[in-house]
Amino acid sequence: MEHASRGGGKSRYRRHQSDKLSGSASDQVSGRHEHSERASGKRRADFPRGGSAESRVLHLVLNGPLYFALGLCLGAIVYFTVPFEPPLLVLLVLTAATSGAVFFGLRHADGFGLRLTLILIMGAVSGSMVSKIHTMVRPAPPVQQMIGPTMIEGWVSAVEPGEKGVRLRLDVHAIGGINPERLPKRIRLTHSLSLNVAPGRFVRCWAVLRPPPQPGMPGDYAFNRQAFFDGLDGVGYVQGRCRGGTLGEQRGFMERLSSTVSVTRRSLAIHVRDAAGERAGGFAAALASGDRSFMEQADVEALRRAGLAHLLAISGLHLGIVGGLVYVSVRRVLSLWEWFALRVPVQKPAAAVALTMTVLYLVLSGASISTQRAFIMAAVFFGAILLDRSPLSFRSFAVAMAAVILIQPHSVMTPGFQMSFAATGALIATYLVWREKRQAQSDRRPGNGFVFTLQSLVVTSIVGAAATAPFALYHFDRVAPGGLWANLLAMPIITFVSAPLAGLALATAPIGLDEPFLRLFGWSLEQVLAIAHWVSNQPGSDFMIRDPMPAGVLLVLSVGLIAICVVRGLLYRVIATAGTVLTAAIVWMSMSSIILHWSASGEVLVHDEGMGWHKLSVANGEGLPPLTLGDLEAGDECRGTTCRFDTAAGLIAIVDGEASCIREAAYVLLAEDRQTLCTAEESVITWSDVEEAGGLSLARSWRGRTHIRAMPCGRRKWQPCSGNAFTD
């Protein structure tokens, strides 16, 4: 019996060795080394699920950074939307009190809801405090009234496209009549004539300079706040043409470095435009360097109407394509080196090289605010690979969001931040579910890489369009239904044709062989432009909402989107979707609405009950019209006559010329300062009132009360009232 046992043990040992040898032989024959997935440490643990207390606590532990980042976002939004400047002492007290409450609560509280609330409150207070600090460290806007016409001298730092001409960003050297101690540092001037200067040049311009305009209409884009945090001290226009000066380059090291980068960007844009061909040269220059000044306005409009405008901005898409191609290419090449691949995880050096290339692309593209935000997200992605963490997870998403808010808290109010993180979060939630299903099916049947790629493109387009639609409706009053088909047709060209050709052009540029690849690059972009024009010309490709979306509705939709992404299970996601839509509809109906707005530019926006919105040119003003409903054409039918509109606030009359008695009018707009004899004074709005206030709006609450509203000034650091800052 003992002998038999020993013999059986030997036979089992021989079979075991035979299996090992056969396995090794098969690996050698196949030419690849198979690693055990279970030993890699990257499989997801089998955590408890369901509604148990243990699963809820585990959910909070795993998603705590996400909720804290969302709290940061909420706190920054509250700080920038309140109509007053929160005192620093109050924020310090709130921060200290909240920190103590959170520390005590997380240690002793048992309820999931209480712990979640404490994390969100801590994030919100931290976000408000960070926003306050960023506001305090920046100087007050130096330009607080109109300057000029006068001579302005400075160095051109950037050239940007604009509807009325090319926009020049200048580092100011001197302004006629202004003391050097009180000079603005950076300004932007619109140059309507042919441009004969380039970045890096010292120029002299006869121009008019104004403070960055504040929104004249409630809910409109706050350009003055964005300019304040971007370091843009004033905007204006050139009377005539800017000409080169004799002063040399700037003296400071950082100024010279910035000028060198700007000159390099401009030279790259010109080279790519000339090599890519006349039709798509401007588009190619925009993708390569971020310089959109060579783009045709018709192409820009077609891309916007087709839902492809995101291609024009150096954003997460471009950095993702560049970094992704470099990462995959380097990883594949290193995998061919067997000695290296068996000793070093090839994904780590590939991630390091990809991160380096995204840094170079960030510098060459001009390092704008949106590009910086996209780079932070890409750096978190590749950093997760270097640290052996999953890059496609809500934890990496939370780290990226928190980093962006800590560095640029004002960006939470921009459409770029909101749309990019909404799309990214929705895609992560979708692909996490998809990955679980693919892992469950991988044991039953092998996958098809080509089919998976096509499925990924379709899912990315659908999920991205759905997640960003609410933000497009709020910020732009429109959404592009045809964008789904345009992206499905255009993105394969951009990803698999345009991007590799651009990479080949970059690799062969040092030896002077890049022009053939750039020409093919331009040809591929011609196909993208053809798709954009075809989609934009289809009926129903561009949908505009009748009334601007209130901010409260966007907040409800944002919370609903977060809930849909976080909850688990199809039933819970359906319930969250239905609840979000229902709540948003109720909030929309209960919010106050704008009936009429008279902007400082002289244009009137009025909502007629039967005909919808009208834009009318009533007076000649120096201000800017609101961006809300900016696509409407301004008519002159009310010039020199009297117009009547039936609105939710009653009859509104616009009088230009001889003032007549309109007894039935609820409100009267006077283009000239004349008093009517039969209309109450509080119901009359004159053009002088509009000029003094910078714009007046007529708002109606859900209770039916109507009141005149003016945008406040002087309450926040970025919205000073007009003063005498430059009177000497």
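Reader: What is Met-401 in contact with, leaving aside its neighbours within four places in sequence?

Author: In this predicted model, Met-401 is in contact with Ala-69, Leu-70, Cys-73, Phe-417 and Phe-421. Contact here means heavy atoms within 4.5 Å.

Reader: Which residues have the most contacts inside the largest nonpolar core?

Author: Met-401 is one of them, and the others named are Phe-80, Phe-394, Val-412, Phe-417 and Phe-421. This core has 40 residues. At least two of its residues come from each of α2 (53-81), α4 (112-136), α5 (223-230), α12 (369-386), α13, α14, α15 (449-476) and α18 (551-566).

Reader: What makes a set of residues a nonpolar core?

Author: The members must be buried residues of kinds such as Met, Phe and Val, joined through side-chain atoms within 4.5 Å. There is also a second, separate core, with 32 residues, including Phe-283, Ala-486, Leu-518 and Leu-529.

Reader: Why is Thr-414 called buried?

Author: Good one to check with a number! Buried means under 20% relative accessible area, and Thr-414 has 11%, so Thr-414 counts as buried. Thr-414 sits in the loop between α13 (394-407) and α14 (415-441).

Reader: How do you know that the side chain of Thr-414 reaches the backbone oxygen of Ser-411?

Author: The distance given for that pair is 2.6 Å, and the limit for a polar contact is 3.5 Å between N or O atoms. Beyond its neighbours within four places in sequence, Thr-414 is in contact with Gln-226 and Arg-373.

Reader: Why is α5 described as largely enclosed by the rest of the structure?

Author: Count the buried residues: six of the eight in α5 fall into that class, so the helix is largely enclosed. The buried ones are Asn-224, Arg-225, Gln-226, Ala-227, Phe-228 and Phe-229. Gln-226 is also one of the contacts of Thr-414. After α5 comes Gly-231, with a positive phi near 80°.

Reader: Why are α18 and α19 called roughly antiparallel?

Author: Two packed helices are described by the angle between their axes and the distance between the axes. For α18 and α19 (residues 570-590), the angle is about 175° and the axes are 9 Å apart. Angles over 145 degrees count as roughly antiparallel, and therefore this pair gets that name. On the α18 side the contact includes Gly-552, Val-556 and Gly-560, while α19 contributes residues including Ala-576, Thr-580 and Trp-588.

Reader: What is the angle between α6 and α17?

Author: α6 (residues 253-276) and α17 (residues 515-536) pack at about 75°, and their axes are 7 Å apart. The range for roughly perpendicular is 65 to 115 degrees, so α6 is roughly perpendicular to α17.

Reader: What makes β12 and β15 edge strands?

Author: Each of them, β12 (642-647) and β15 (684-686), pairs on one side only. They belong to an open sheet of four strands with the order β12-β13-β14-β15 and mixed pairing. On average, neighbouring strands of this sheet are turned by 20° against each other, direction ignored.

Reader: How do you know that β12 and β13 pair?

Author: Two strands pair if there are at least two bridges between them, and β12 and β13 have six, in the antiparallel sense. Within this pair, Arg-644 stands opposite Ala-653. The two strands are joined by a hairpin through two residues.

Reader: In which sense do β13 and β14 run?

Author: They run parallel, with five bridges joining β13 (residues 650-655) to β14 (residues 665-670). Leu-651 is opposite Ala-665, and Val-655 has Leu-670 as its bridge partner. Five of the six residues of β13 are buried, so this strand is largely enclosed by the rest of the structure.

Technical notes: Residues are numbered from 1 along each chain as its sequence is written. This is a predicted model: local features need pLDDT of at least 70, side-chain atom pairs count only at pLDDT 80 or more; totals for chains, interfaces and linings use all residues. Side-chain values use heavy atoms; hydrogens and water are left out. Axes are lines fitted to C-alpha atoms, for helices over the stretch in contact, and angles run from 0 to 180 degrees between N-to-C directions. Buried means under 20% relative accessible area, exposed over 50%, partly exposed in between (1.4 Å probe, protein chains only). A polar contact is a pair of N or O atoms within 3.5 Å; within protein, one must be able to donate a hydrogen and the other to accept it, and residues adjacent in sequence count only if both atoms are side-chain atoms. Angles under 35 degrees count as roughly parallel, over 145 as roughly antiparallel, 65 to 115 as roughly perpendicular and the rest as oblique.
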